[in-house]
Amino acid sequence: MEFFCGTSHPDLGQKICKRLGIAPAPVKSQFGGVEDGSESTCKETHVELGASVRGRRVFLLQTGSQDVNNNIMELLIMAYACKTASAEEIIAVIPYLPYSKQSKMRKRGSIPCKVIAKMLATAGVTHVVTMDLHTKEIQGFFDFPVDNLRSSNFIVKYIQEHIPNYQNSVIVARRPESTKRATSFAERLKLNIAVIHIDQSKEADIDREDGRCSPPLHDFDDDAAAGKRPKGVRSRAISESATNVDEEQRGIKLVGDVNGRIAIIMDDSIDEVDSLIRIADVLHHRGASRIYAMATHGIFIGRAVEKIQESVIDEVVVTNTVPQEAFTRSCDKIKTIDISPLLSEAVRRIHNGESMSYLFRDISLYD
């Protein structure tokens, strides 16, 4: 077995290798040109393996960090280097799968997550180990096995050990689509549940009116077809309503009681935090004594860390599927759960051909 660590999360790679009792295989990655003694303006990624992989099972650790596109290219090139070097099997360990949130057709967009799956297969990857995909259906994009591990056991343990009087808590689903996952946590902890609903009906109406639904629900250009206005010119009513949507404050509705209780907001990932902070403000206004936000993946884009520090949120808890060192240094509200024990055990079991079912013990269908 050879275990290569990409540049996205070297600390996690070291922890996994330490638990496995092995040293990471040497690999050299360079961004911005190949070292050839001369300066180059080329921004291509160059990867060079430092160990033979012929006839061996290879594990590649790479996650989606802040430099996501370079992370993807580095992983693809590492995988293809192993494939051309006659590796027997190539297992990509991707704690946070990049572009996993873009797994549905929206408006006139595309499904980039499907493209990532195809590129990994083309590069030679034969197996993927990841954690808490945004939707479980993403596994269907891949033409090879995908082990979608769960962090819920670690999060439940953290709640029990680090939140004083957690029995007086309420699990809050950040959106109606997260209700099943939040219910799973609530049942395991024997707690009540609350659900946040953000009114986006007006935005949905605009999508239907201007034809951005896929497929459009109706032909919005009927007036032009009837000769009532020039073809290609949108009606004034539609244009004005589309312009005013972003100017209006969308309401947040809370279904459930958090008065005098600890509110624990559950989600699979946290990237932008504006909506999260608005939800926390509502919970605080409704009388929540303390507010926690918990997720598997902490992406924290833009000024997210600064906004968390200034918010009414008492603590944000994420796992280290993505590097968190810079975030925890600048914000004492951000706490990290180490999931290297789970990933290292998954690697060991795959290498030894053992069943993976042990890693899914106590995991419900909706975790």
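Reply: Let's start with Cys331, which counts as buried because its relative accessibility is 0%; buried means under 20% relative accessible area, exposed over 50% and partly exposed in between, using a 1.4 Å probe and protein chains only. Keep in mind that this is a predicted model, where local features need pLDDT of at least 70, side-chain atom pairs count only at pLDDT 80 or more, and totals for chains, interfaces and linings use all residues. Residues are numbered from 1 along each chain as its sequence is written, and side-chain values use heavy atoms, leaving out hydrogens and water.

You'll find Cys331 in the loop between helix H11 (325-330) and strand E16 (334-337). Helices (H or I, at least four residues) and strands (E, at least two) are DSSP runs numbered from the N terminus. Leaving aside residues up to four places away in sequence, Cys331 touches Val305, Ile308 and Gln309, where contact means heavy atoms within 4.5 Å. Lys307 sits 24 residues from Cys331 along the chain, and their C-alpha atoms are 9.7 Å apart.

Now for helix H12, residues 340-352. Its 13 residues reach 18 Å from first C-alpha to last, close to the 18 Å expected at 1.5 Å a residue; that expected span is 1.5 Å times one less than the number of residues. Its buried residues are Ser340, Leu342, Leu343, Ser344, Ala346, Val347, Arg349 and Ile350. Next after H12 comes Gly353, with a positive phi near 70 degrees.

H12 also has a partner: its axis and that of helix H1 (residues 10-20) come within 9 Å and cross at roughly 55 degrees. Axes are lines fitted to C-alpha atoms, for helices over the stretch in contact, with angles from 0 to 180 degrees between N-to-C directions. H1 and H12 are therefore oblique to each other; angles under 35 degrees count as roughly parallel, over 145 as roughly antiparallel, 65 to 115 as roughly perpendicular, and the rest as oblique. On the H1 side, the contact is made by Leu12, Lys15, Ile16, Arg19 and Leu20, and on the H12 side by Ser340, Pro341, Leu343, Ser344, Val347 and Arg348.

Here's another pair to compare. Helix H2 (residues 68-84) packs with helix H3 (residues 112-123) at an angle of about 25 degrees, their axes 8 Å apart. That makes H2 roughly parallel to H3. In H2, Ile72, Leu75, Leu76, Ala79, Tyr80 and Lys83 meet Ile116, Met119, Leu120, Thr122 and Ala123 of H3.
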